[in-house]
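I opened this notebook to record what I looked up in the structure. The entries follow the order in which I consulted each topic.

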Amino acid sequence: FPVTIYITKPTGVQPGDIMLMTVVKYDSGSILNPSIGNDGTAGWTLLAGSGIGGSNNYRGAILYKIVTETWEPASYTIIPSNYANNNNIQAAIIAYRGVDINNPFNATGNFVSAGTGVSSISLPAINTTTTNTLILQLSMSWRTGNNAARTYSSWTTSNPGTLTEIYDFSNITSVSLGAASIIKTTTGSTTGTITLSGNNTYRGGIMLALNPTPPLYYRTRTSWQSWDNLATWESSTDGLSWGNAIRLPIETDLSVTIQNGHNVTVSTGFTTANNLIVNGTLNISGSSSFIANTANINGTLQVENTATFSGTGITFNAGSTYNHNRDGGTIPTATWNVNSTALISGIIGTRPEGYGQNFGNFTWQSSSQNANISFAAGLGIIGGNLTIVNTGSASLNLMFSGPDTYTNTVNGYRDWE
């Protein structure tokens with residue numbers, strides 16, 4: 001009788017990712033491949049499916065899905081198509097970001113299977129036509145005699161060499177699944193070999209090459225949206241002609257711009273952006289972490305809760321504001337225009353680090369502060385104004401502890417309100 005099993009979606013999947021699922025099953029005499037249920041978990045395409053080791057009793061399949069929507073189910077329903085039980089089917093998913101979703105496969109090799117007399121699988125040559133493709137080997141095996149499943153001992157190519165193993169699942173009787181990958185920086189032909197820990201095993205495998213996504217320009221097209229909402233973005237290949245984005249921005253893209261008047265929030269996970277330009281407002285909240293490789297802030301950047309913002313080449317330009325609306329944490333290392341403002345608004349009992357920089361305007365306005373805080377003679381040069389608006393029920397001191405004498409430079413005015 002048919003049995004339905006479920007497999008959990010990889011953590012952090014977002015629009016523009018590609019997922020690949022490998023399934024191996026016992027299905028006596030059947031040539032039917034497993035399918036993905038039609039209960040909202042559909043959208044998977046069969047890439048390859050075959051009996052392994054010359055027998056249709058043991059069948060392997062590889063399916064893939066391009067994630068195109070912000071919502072994605074928490075798990076996927078696999079229908080083996082015939083008899084199966086816990087010892088007769090196994091599945092695994094991997095997800096990749098940075099693959100060209102319009103043309104994901106640069107090369108797809110033939111699905112190859114081998115009988116029980118050898119311990120390896122020889123994969124036929126594929127020819128890559130683009131540099132920096134991701135070579136991916138996927139395999140499944142079934143050990144005869146209901147014996148313990150084999151493990152994978154090596155994954156190799158003729159060019160560029162040994163792959164890095166991603167997973168080796170062999171914790172179910174007789175059944176194992178494996179995957180490995182490597183970046184191929186050059187074009188041209190390569191063959192592959194997958195080796196298991198022993199013979200007496202039906203085995204199958206395939207070698208693929210995934211295309212890297214071309215880098216794009218990104219800008220917001222609507223306000224009050226989250227970073228990970230596809231509706232927030234539009235993209236361009238040249239920075240001139242724009243269209244609705246079909247994937248989220250990634251760290252290899254050319255630039256990401258928050259347009260004037262737009263407000264975008266990053267609230268979960270780890271985000272990296274290249275050439276970030278904030279003309280509107282970027283809120284980094286929750287427990288999220290944001291790293292920028294070059295950032296120009298012309299509007300407002302706010303960090304709250306336990307979130308962090310860091311990176312290289314960060315500049316707060318004239319008229320910009322950094323709002324440190326959290327307790328503790330670290331003010332990002334940056335170049336501060338004399339007319340920029342570092343606003344410290346969320347301190348409760350822990351001093352923020354990073355206060356030794358040369359700021360423009362520096363404003364302390366932490367109404368919930370309940371512990372005395374000192375800069376211990378370490379506050380940097382203030383090129384503009386130093387303003388103390390609110391310290392809650394406690395105090396803020398430039399030199400509560402530290403040396404006997406301390407000079408602090410403020411080029412504008414000091415204002416204790």
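**Entry 1: nonpolar cores**

I began with the largest nonpolar core, which has 45 residues. Those with the most contacts inside this core are Trp227, Leu276, Leu282, Phe290, Phe309 and Phe362. I took a nonpolar core to be a set of buried Ala, Val, Leu, Ile, Met, Phe, Trp, Tyr and Cys residues joined through side-chain atoms within 4.5 Å. Buried stands for under 20% relative accessible area, exposed for over 50%, and partly exposed for what lies in between (1.4 Å probe, protein chains only). Strand 25 (residues 289–297) contributes the largest share of this core, four residues. I also noted another core, apart from the largest one, of 29 residues, among them Ala92, Tyr96, Leu136 and Ala179.

**Entry 2: basis of the values**

The model is predicted: local features need pLDDT of at least 70, side-chain atom pairs count only at pLDDT 80 or more, and totals for chains, interfaces and linings use all residues. Residues are numbered from 1 along each chain as its sequence is written, and side-chain values use heavy atoms, with hydrogens and water left out.

**Entry 3: the surroundings of Phe290**

I next looked up the contacts of Phe290 (contact means heavy atoms within 4.5 Å). Leaving aside its neighbours within four places in sequence, Phe290 is in contact with residues including Trp227, Leu276, Leu282 and Phe309. Val266, Thr271, Ala273, Ile284, Thr308 and Ser310 are also among its contacts.

**Entry 4: sheets and strand pairs**

Strands here are DSSP runs (E, at least two residues), numbered from the N terminus, and two strands pair if DSSP finds at least two bridges between them. I found eight strands in an open sheet of mixed pairing, in the order 20-19-17-21-23-25-27-29. Strand 20 (243–244) and strand 29 (335–336) stand at the edges, each with a single partner strand, so one side of each is left without a neighbour in the sheet. Strand 19 (residues 233–236) pairs with strand 20 in the antiparallel sense over two bridges, and Glu234 stands opposite Asn244 in strand 20.

Another open sheet has three antiparallel strands in the order 1-6-3. Strand 1 and strand 6 (residues 75–79) pair over four bridges, with Thr8 opposite Ser75 in strand 6.

I then turned to parallel pairs. Strand 26 (residues 300–304) runs parallel to strand 28 (residues 321–325), joined by five bridges, and Glu304 stands opposite Asn325 in strand 28. Strand 28 also pairs in the parallel sense with strand 30 (residues 341–344), over four bridges. In that pair, Asn323 stands opposite Leu343 in strand 30.

**Entry 5: pockets**

What is the volume of the largest pocket? I recorded about 540 Å³. A pocket is an open set of points on a 1 Å grid over the protein atoms alone, where a 1.4 Å probe fits, with protein on both sides within 12 Å along at least five of seven lines; lining residues have an atom within 4 Å of a point. Of the 23 residues that line the largest pocket, Gly12, Gln14, Arg97, Phe270 and Thr271 are the closest to its centre. Strand 23 gives the most to this lining, with three residues.

The second largest pocket has a volume of about 170 Å³. Its lining residues include Tyr96, Arg97, Asn132, Leu134, Ile183 and Pro212.

How values were computed. Points joined across faces, edges and corners; volume = space filled by probe spheres on them.
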